[in-house]
There are 2 protein chains.
Amino acid sequence: MMTTIGDVARHAGVSRSTVSYALSGKRAISDETRDRIGQAIAELGFTPNAGARALKTAQTMVLGLLLQFHADEFAPAMLQYVLPVSEAARDHGYDILMVTDPHGPEAIRRIANSDMVDGIVLLDVTHADPRLPAIAEVKKPAALIGLPGGAAGVDVFDLDFGEAARMLVDHLQERGHRELVLVSPPYHVVERGGSYVWRFREGAVERAARYGIQIHPYYGESRQPAITTSVNALLDAHPKATALIVHNDATIAALPSILRDRGVRVPDDLSVVSLYSRDFGEEFSLPFTAVESAAGELGRRAVAQLVRRITKSPDAGPSLVRFVPPVLTDRGSTR
Amino acid sequence: MMTTIGDVARHAGVSRSTVSYALSGKRAISDETRDRIGQAIAELGFTPNAGARALKTAQTMVLGLLLQFHADEFAPAMLQYVLPVSEAARDHGYDILMVTDPHGPEAIRRIANSDMVDGIVLLDVTHADPRLPAIAEVKKPAALIGLPGGAAGVDVFDLDFGEAARMLVDHLQERGHRELVLVSPPYHVVERGGSYVWRFREGAVERAARYGIQIHPYYGESRQPAITTSVNALLDAHPKATALIVHNDATIAALPSILRDRGVRVPDDLSVVSLYSRDFGEEFSLPFTAVESAAGELGRRAVAQLVRRITKSPDAGPSLVRFVPPVLTDRGSTR
DNA sequence: CTGAAAGCGCTTACAG
DNA sequence: CTGAAAGCGCTTACAG
């Protein structure tokens, strides 16, 4: 039923190895033979069997992509990472095996030990990510998006959240703000080890302290109506604060409505800065000055480095930790 | 380097076939032999090579999932389909090869002809979807989410958008509304063949006509600030309309802000009904009476049927077209 | 420039 | 209850 390389060889009157070499270009083939093979392939509609090729070459040309969806969390930002990873993989000739299994470590062992993938991308890596021991154990190249606590032994890519916070505080300081409120992600993200929460928070708090700026840090919420309640409560608690730093996707998405209901105008009554990706901002129509979360660049760099690890000799240098420098986009939401 | 079934066999002092049968359970094995094999597997850490198994059995245990992201469209709703498909696949023992390649037909030929997948799920299928000829050509089982124009020769799952519209009009009619405004998806979705646009629209228009209700149908926008401008324009144009039917994700997400800016209260000044999934509504904090878009159920049913096609004999009956009946959730946004 | 043969790691008739 | 052998569809030394 399926056309094999043997069918093509027979049809073209050559050996199977010649067809294989014609396909790979790994040795010289006479023009006439190449033409006959090309014609046979066109007539029969041949595509090499990926499993057989993988078995022989020990390369699947597939990357594993591990995502996790946490209940009670704001999912729409996830897509900003998945798409660039998928597109970058295709650009490098790889397909994506997407795994959403909540049992991350087991899923990693399964796809790695059965050799379904040549390498693995982990999204949303946490401080003590339970998937990291599995990654170390399976001996496949891997790239992480998100900063783990210790040395992971694999390549790590993340936004420089500390620097992002400092840039935003600087931006407000330059405009004369002396009292700020900071809304971080929900506290359960800290408990899960989402280090971007405290890296951003510490960056903001330290920078504010250096300037003698008062800053009131809070953990926000991820769902309505708690978001509205909490934002209102902390604005009430700090009536003299002139600026709000929002490091919380669900909160920034809800903020326009909340402020409108309070009759608060941005930037006249309150300055607002945040951290989100350009696409996310567009989808939610967010008009705030913000640091780009750089999901696309992180995804592309992680894939490029992973492919390098796969294709170069097993130990192509020590593992990398790369912080993408933040970029601030001024959308006029500060005064 | 990698542990093979031969290593396990040697370690356990049995033949490779015995190990294989112990794993598959396809023939009786003495307790003692089974124990020795189990121990060997545990000590050596054996997982069968997926490529070799696929080559021999002609089954990859992988499903292809094809998504497309259209520029100038509202992406967050896509995740509501991807996740249930992925989870349902895992429940059936399958992994997901996710393909976001904008060249859909080529991507289908590639993953199907190289036998990377046992079946294919197509998301967001349109009236004259260019991917359908490729699906027909490759001779792999497939399941579509979204209704194609003609007979696809494969199983089709979609929400009954006509019925959804009729339910919403009924709901408004029962409450005495006599003049409605309908916001459909952007017109370019119609041009692309998104039949859910006109199925919903026709359902609403016909139902309204039957009741003698005036209805003003419009195509909406997918991005700000056009959304705000267009909603304001059509509310201005129909000051006597008492209810709004929104069949447009980007518009419904923006609606709370827009109405607040106009000083319009729901449902006192205006009744609003819509169509979206429960998760989507939660993420965007949407308080509107709506028909559930049933993304989860569609994904699960598509996968279940696809697996049936794969595992049962090649022709397990004629191809199906299944419309999931809409369910209305009253959130009190009508009066 | 081309071919015959071995082998990647499995599964499964065939044989006992 | 178990084993030896064939074969899935490729790639790549080896040989000419």
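Author: Two strands are taken to pair if DSSP finds at least two bridges between them; strands (E, at least two residues) and helices (H or I, at least four) are DSSP runs, numbered from the N terminus. The model is predicted, so local features need pLDDT of at least 70 and side-chain atom pairs pLDDT 80 or more, while totals for chains, interfaces and linings use all residues. Residues are numbered from 1 along each chain as written, chains are lettered from A and ligands numbered from 1 in written order, and side-chain values use heavy atoms, without hydrogens or water.

In chain A, six strands make an open sheet with mixed pairing, in the order β7-β6-β8-β9-β10-β12. Its edges are β7 (214-219) and β12 (328-329) of chain A; each has a single partner strand, so one side of each lacks a neighbour in the sheet. The parallel pair β6 (179-184) and β7 of chain A is joined by six bridges, and within it A:Leu180 lies opposite A:Ile215 of β7(A). Helix α10 (195-211) of chain A packs on this sheet, in contact (heavy atoms within 4.5 Å) with β6, β7, β8 (243-246) and β9 (271-276) of chain A. The direction of α10(A) makes about 165 degrees with that of β7(A), taken between N-to-C axes fitted to C-alpha atoms, for helices over the stretch in contact, on a scale from 0 to 180 degrees.

Sugar and phosphate supply 50% of the atoms of DNA strand C within 4 Å of the protein. Helix α4(B) gives the largest share of the surface near DNA strand C, five residues, where near means a heavy atom within 4 Å.
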